[in-house]
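Biologist: Hi, I've got the model open next to me. Can we go through a few spots together?
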Amino acid sequence: DGGASWTAISKDLTRNDKSKQQPSGGVITLDITSVEYYDTIFALAESPVQQGELWAGTDDGLVWVTRDGGGTWTNVTPKAMPEWSLVSIIEPSPHDPATAYVAVDRHKSDDQKPYIFKTSDYGKTWTPIVNGIAPNHYVRSVREDPGRKGLLFAGTERGVYASFNDGANWQPLQLNLPVSPIHDLLIHGDDLVVATHGRSFWILDDITPLRQLTAQVASAPAILYKPQAAVRLHYPDQVDRRRPVGENPPKGAIIDYYFAAKPKEEVTLDITDAQGRLVRHLSSKEKKTFVQPPEWPDQEIPKLTIPAEAGMNRFAWDLRYESPIKIPGAFYSGLGPVGPLALPGTYQVRLSAGTFSRTVPLELRIDPRLKNVTQADLQKEFELAVKIAAANQALHTAVNQVRQLRSELDTLKKWAGEGAQAKQVVAAADDLNKKVTPIEENLMQVKMKSSEGNLRYPNQLNEQLDSLSHTIEYADGAPTRPQLAVYDYLNGKLQEQLKALRGVLDRDLPALNELMRKTGVPVLAVPSGTPAGD
């Protein structure tokens, strides 16, 4: 009844040695802080798989178990455990009701050796399991992973250890964790949380690779681990990391992979949807594309290059499709146009490096906080985001075509020379440039040279489409009628400019090329619209 009343379910389970229940200290001054008192139940745990099964451990060296909710208790103290040991933690197995682990702390008796005991028969017999733990790293806690039977974690006075074979062998799991006493551990979902004494809480994000690690897997030259299920979230572009607080997990779906040696060739990571269609292609080769200089101290530039080093590698896919092609030198109020956010569902992750290639599934789950949003709503949101991304792709390609054409026209004018025919070619080139310039100026704000340049100069189609894409993603749900109407309006304006540009490239550019052929000047090709490096 929520603690309103209590009923005793055991007798005194301690030794009840009265000599251990007196304050310590000398004749003049007593300590009287009560921490020196013994004969207390220090550890209590209920089996997560068997109702009514309780384990109790005392600070005077006793272990008890009841399997009927406290009706009958049995003393199951390990015979190998020294007397007057402090039973720090009892961990009933989340997989087997007959199995439990006991962490024993004897440092107050000037014994810093590690003690962990395991039983698989409700405490009838116990086995010490401390092989691999340093001799002076006494143990305070032990936990078994609910996600993998026999995967154990131990918290000692000087760090964390892990065992992949149910305690037969242990190895350090320190990483960047400060050397400090670990008083307790908790496996929360796919994360390992540790409570230190004096160095705060620490979280090892995503232990799914540890759950998949076996002796056979560990000896492989390359490993792609199956990712943990990711949650479809809208991550911020700016995070204040200047405060003295912990860091969140990486943004998006965490993908872990391993190389025994640093790959000599390019490493690629491909995300495909359930139908096998490419969602995102990532590479270890850095792409030299224009990146808008950050104007805010907390702005985070998305990572586009995957790591490929010897040992463990981790990359977080931001859950987005490929971004539209870039316009070198373009500025936006934020990071600029990005690809649509992937829908909840099943995806595939493929890692390739030389002859190695492996594919594993990835589950993307809906944000659990969305109570009134359906998959159909998200589908409509996604479809509009895809249309906006396609419009951005066409717009950016057109602007790049205009700029590439203008660059070639400038080069042409230098080639032409000073003759009468040359002047005719230069005049035709100037006329062509005059026709594409207003197209470019309608497609984007060419005077915008900073993230707040639109405070002075009006937004054009490029900036307007970017703003629309952000309004779509401010909140999940089906697009509103005004949002659909704004897209139709902007796309109509875009198609007018694209039609005008096609007219220039289909009629005016061939006419200029014909004039150039007559004067012996090399003709111009239709620009690709793809900037260098993409």
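Modeller: Strands here are DSSP E runs of at least two residues and helices are H or I runs of at least four, numbered from the N terminus. Keep in mind that this is a predicted model, where local features need pLDDT of at least 70 and side-chain atom pairs count only at pLDDT 80 or more, while totals for chains, interfaces and linings use all residues. Residues are numbered from 1 along each chain as its sequence is written, and side-chain values use heavy atoms, with hydrogens and water left out.

Biologist: OK. How many bridges join β19 to β20, and do the strands run parallel or antiparallel?
Modeller: There are 5 bridges between β19 (residues 267–272) and β20, and the two run antiparallel. Two strands count as paired if DSSP finds at least two bridges between them.

Biologist: Switching to pockets. Which element gives the largest share of the second largest pocket's lining?
Modeller: That's β20, with 4 residues. The pocket holds about 710 Å³ of space. It is lined by 32 residues, and the closest to its centre are Thr289, Leu304, Ser323, Pro324 and Lys326.

Biologist: How do you define a cavity and a pocket?
Modeller: On a 1 Å grid over the protein atoms alone, a cavity is a set of points where a 1.4 Å probe fits but cannot get out; a pocket is an open set with protein on both sides within 12 Å along at least five of seven lines, and lining residues have an atom within 4 Å of a point. Points are joined across faces, edges and corners, and a volume is the space filled by probe spheres set on the points.

Biologist: New topic: is Ser93 buried or exposed?
Modeller: Ser93 counts as buried because its relative accessibility is 1%; the cut-offs are under 20% for buried, over 50% for exposed and partly exposed in between (1.4 Å probe, protein chains only). Ser93 sits in the loop between β5 (86–92) and β6 (100–105).

Biologist: What does the Ser93 side chain make a polar contact with?
Modeller: The side chain of Glu144, at 2.7 Å. The Ser93 side chain also reaches the backbone nitrogen of His95 at 3.0 Å. A polar contact is a pair of N or O atoms within 3.5 Å; within protein, one must be able to donate a hydrogen and the other to accept it, and residues adjacent in sequence count only if both atoms are side-chain atoms.

Biologist: Where's Asp111?
Modeller: In the loop between β6 and β7 (115–119). Its side chain makes a polar contact with that of Arg106 at 3.0 Å.
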